[in-house]
Amino acid sequence: MKKIFSLFLCLTCLSFSDNPLSEDEKSALQSIQVNTLKAHLTFLQDDLMEGREAGERGNLIAANYIAGEFEKLGLIPKGDGGSYFQSVKLVSAHIQPETKLTLNAKKPVQFAFDSDFLLYNYPQTDTVIKKELVFARYGITAPEYNYDDFKDLDVKDKIVVIFAGEPISADSGFFMGNKNSKYALLSHKSKAIKRLGAAGALVLATPEHAGSYKFLSNYLGHRTVSLNRDYVHSNSENSDFVFPVLNPDASKQFAENIGWKFDEVAVSLTKQKTGTIKNATVEITVKSNRRYFDSPNVVGLLEGSDPELTKEYVILSAHFDHIGITKPVDGDSINNGATDNASGTSALLNAAEAFAKLKIKPKRSILLVACTAEEKGLLGSKFYAENPTIDLSKAIANINMDVIGFATSEKVSSITLVGDDYTTLGATMQKWARFVGLTPLPDLFPEQNFFQRSDNYNFSVKGVPSISPGAGTESKADFDVYLKYYHKPSDQLGKVPFSFNVLRLQAQCIFLSALDVANAQEKPKWLKKL
Ligand SMILES: [Zn+2]
């Protein structure tokens, strides 16, 4: 098997031994250089940008920098009112310490926000919610697996008590075996349970979920931001939907106070009976401070050269925002976001320059979208996908750049193609990765749901085939190194392991892939459902 594989690799190399690029394309490709990438990245990740948080000054400076570059390259403004800026309407809510959760069972037990539980969703108006409880195992309805935790269950106006995760199975045909399916995602559970008319859901986490809980805690913090539209929406339709997630210790305490043997229930969940939890109610007090603000996406267009195909688009995207200023770590409180995602933004700008350099422009148009508020839950791209400034049904592909250039050593020579199995964009990018001398890697950590965790997802939800090339994390060890810098002030040039040469090759691969797709006769195709 191995032999066949290496033979195949050789054949693939051979077919590219004669350079398939025109002189024009070769010279455009050469404009993707270490110096250019370094100039963009050094500026964008500087302390002066104050971590580029959506709604903050540093984010606006970065947005202006990007717009200036777009202008220099002669891109057509595709934001609001003939500008490069599309104003994304946001609302942020800062949860106050009065927020608490009380279980009234054998005796009242109080849980404190932050130390005992987080809020994944909560009402945007201050409120006290007192409800009955109903138990629904994992809180999943999955027709394709013939699985339903809500069968014959009335959850209307109740709080549904569920466990984190999904049914565990060695069978890859059942909830994707030991990988996580979409049903394990809190976002999926939250939407599905809302639709059933429940007042909310309360998630219990077992010690196995301690890592995910910590991740969620970093991600949510005390503040959540949503699109302003969601605010209006949630007030009119789901005014009281609340979705607390208890940490493993609090979960055990909660379970034992309603009379469960927590450890026993947790391991035999699919065998447990669903239904009303007798003699128990919860009371959840939510108090938050809200602020309304705007933050810009930066959007520019390079028109295609074919009179017909110019009406179709290849979208290149990268988020330029990051998480701003947080609690100091070793005396540093500015999250520079060098890899996340000054790296992708630099590649976006340099790829735009390469496209602008082409004497013969690609047949289809190239739309460049620098997204804001990705770190708030992919909000800038969500807003763009819902309020596009081009005909999105004519967008044939999205290549999204998020965290590239990270490299544990100069020997790294790979690119991770997150989502390479969803569409034929996978094969296209694999081809150009090999062409520039990179090894294309599949997503080695599907349980991390990377495909759903960056801006490409919002385009794919609208039917646009998308792919999200990322740093070549070649092993679990590489990934563990990255986690030491992820969303920390140490994600800064000079601290985070980084290679500008790898970034250059990755940016070249992205440019060539986009160029190929923009000129190809056939449009990318979906290979499997989202
Ligand atoms: Zn990112």
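## A tryptophan after helix 15

W526 lies in the segment after helix 15 (500-519); helices here are DSSP runs of H or I with at least four residues, strands are runs of E with at least two, and both are numbered from the N terminus. At 32% relative accessibility, W526 counts as partly exposed, a class between buried (under 20% relative accessible area) and exposed (over 50%), with a 1.4 Å probe and protein chains only.

Together with V461 and L530, W526 forms a nonpolar patch on the surface, with about 250 Å² of accessible area. Such a patch joins nonpolar side chains within 5 Å, from residues with over 30% relative accessible area and no salt bridge. Accessible areas come from the Shrake-Rupley method.

## Basis of the model

This is a predicted model, in which local features need pLDDT of at least 70 and side-chain atom pairs count only at pLDDT 80 or more, while totals for chains, interfaces and linings use all residues. Residues are numbered from 1 along each chain as its sequence is written, and side-chain values use heavy atoms, with hydrogens and water left out.

## Overall form

The protein has 15 helices and 22 strands. Its radius of gyration is 24 Å, close to the 24 Å that the globule rule gives for 530 residues, so the protein is as compact as a globular protein of that length. The radius is taken over C-alpha atoms, and the rule is 2.2 Å times the number of residues to the power 0.38. Of the 530 residues, 56% count as buried.

## The zinc site

The zinc ion is coordinated by H319 (NE2), D340 (OD), D402 (OD) and D402 (OD), at 2.0 to 2.7 Å; donors are N, O and S atoms within 2.8 Å of the metal (3.2 Å for Na, K and Ca). D340 lies in helix 10 (residues 338-357) and D402 in the loop between strand 19 (395-401) and strand 20 (414-418), so the pair ties together parts that are 62 residues apart in sequence. Both D340 and D402 are buried.

## Salt bridges

The structure holds 23 salt bridges, each a side-chain nitrogen of Lys or Arg within 4 Å of a carboxyl oxygen of Asp or Glu. In one of them, R291 meets E56 at 3.6 Å, N to O. This pair links distant parts of the chain, 235 residues apart: R291 is in strand 14 (residues 288-302), and E56 is in the loop between helix 3 (34-44) and helix 4 (57-72).

D516 and K431 meet in another salt bridge, at 2.8 Å, N to O. Because D516 lies in helix 15 and K431 in helix 12 (residues 425-436), the pair ties together parts that are 85 residues apart in sequence.

Technical notes. Patch = residues over 30% accessible without salt bridge, like charges linked within 9 Å, V, L, I, M, F, W, Y side chains within 5 Å. Areas by Shrake-Rupley, 256 points an atom, 1.4 Å probe, with all protein chains shown as cover.
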